[in-house]
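This report describes how the parts of one chain are arranged and how they meet. Please consult the sequence and the structure shown here while reading.

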Amino acid sequence: MAISVFDIFKIGIGPSSSHTVGPMKAANLFIKKLKEQNHFAHVVRVQVDLYGSLGATGKGHGSDKAVLLGLEGDEPETVDTGSIDQRITAMISDKCLQLSGERSLDFDVDTDLIFFRRKALPGHPNGMIFSAFNAQGGCLQKSTYYSVGGGFVVNPDESTAEKNIIEDETPQPYPFDTAHELLELCSKTGYSISELMLKNEQVWATEVEIRENLLHIWQVMQACVDKGCKSQGILPGGLKVKRRAAQLLVKLEHESESSNAPLGIMDWVNLFALAVNEENAAGGRVVTAPTNGAAGIIPAVLHYYVRFVNRADDEGIIRFLLTAGAIATLYKKNASISGAEVGCQGEVGSACSMAAGALCEILGGTPEQVENAAEIGMEHNLGLTCDSIGGLVQVPCIERNAMGSIKAINAARLALRGDGKHFVSLDKVIKTMGETGADMKTKYKETARGGLAVNVVEC
């Protein structure tokens, strides 16, 4: 199965890649299928049922908004984030939406958008069913979709692949499914991990296009940090969580960057991560890396590289993203990046691992050291639960990204001080993460029914 770096880094909106980006894409796929089957013109009513984690925490994660916007034809990459609240308010009050932006349709969120809080579909914790009906009440089309993490959406009726992942069979010059295979390829070819990943990416686009698109991803990440550093106020959702990034930036700008060195650098890394995840919690534009809930770690570590590493340049940024993408594919293929499936170890843990390995490479690490850094990044996130308070991607999610960013930098530094030889391989830690996620109780996997979610009183 071939996975592109651009499957990992996707531009979307907050607060969740699996709960917001995925459902919006599923709605788009449903409309596309209606048109392909020549049903679109006959639809008079649409019903959407959300199950499992989507049903349990979907409202806090914006799944209802995502479904409505997707049914109107909006896509995560291009939707106007500034107009979302106004549009949703109008749809709810008018009990009407514009199907694919083309046809006015009656839609009552109380009866046509149903959250099954304690019922799950068999294929994955993030399941949803879209149904379309004609004027006689007959069902024209009924489609099931699973949002499997990181914005990936699959229809089990159209895929028999393991874990319902639709396989891309595009042949790559250097295919790999495990870290062991990746290291062997690097040894045989003399390529670094980023160089090998770049060669594989060229089956889909030219080298120039790949570099341009990766730098565009970086620009979106930068814009997210910048906006997060300028925005103030209270995050939506009812917890009354105050945005901190803007105030922290003011404090840091009035201090010398060398004050309390080297620990002062940690404050800046914390700032970058907080800015991204506060923006994500507010429903702003972010890049899945590999998910929205963990979207702050890759940008924070990249900002660390640009701001504090001598001779940082665009080439380093490109290599960083390629290496991180290669590591992410290993988690996607051999475990999961879905918090609803394996807990937050699959989100923040994977992002920490990706950032650690990527930073190690651009700081001069060998492929073996990169693999070691990625392993360290995950090993010390094993068992991390997803127990967000109120079903919102705020507490502990925002601070957890800051902690994951610092941990990634430290993992890279530990690996660079070694020779690449270590006791636990990346493949073994990925396998362990998947097994740990399978053993983890459901209440700790993005349901808001365990851990901090029930032991902290919502204010």
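Contact means heavy atoms within 4.5 Å. By this rule, 29 residues of domain 1 are in contact with 40 residues of domain 2. The model is predicted: local features need pLDDT of at least 70 and side-chain atom pairs count only at pLDDT 80 or more, while totals for chains, interfaces and linings use all residues. Residues are numbered from 1 along each chain as its sequence is written, and side-chain values use heavy atoms, with hydrogens and water left out.

Helices (H or I, at least four residues) and strands (E, at least two) are DSSP runs, numbered from the N terminus.

| Item | Residues |
|---|---|
| Domain 1 | residues 5–154 |
| Domain 2 | residues 179–444 |
| Helix H1 | residues 5–8 |
| Strand S1 | residues 11–13 |
| Helix H2 | residues 17–36 |
| Helix H3 | residues 52–57 |

The C-alpha centres of the two domains are 28 Å apart. Buried area is the accessible area (1.4 Å probe) that two parts lose on being put together, summed over both. Domain 1 and domain 2 bury about 2500 Å² between them, 63% of it on carbon and sulfur atoms. On the domain 1 side, Phe-6, Ile-8 and Phe-9 lose the most area to domain 2, together 28% of what that side buries.

Terms used. Domains from an automatic or database assignment.
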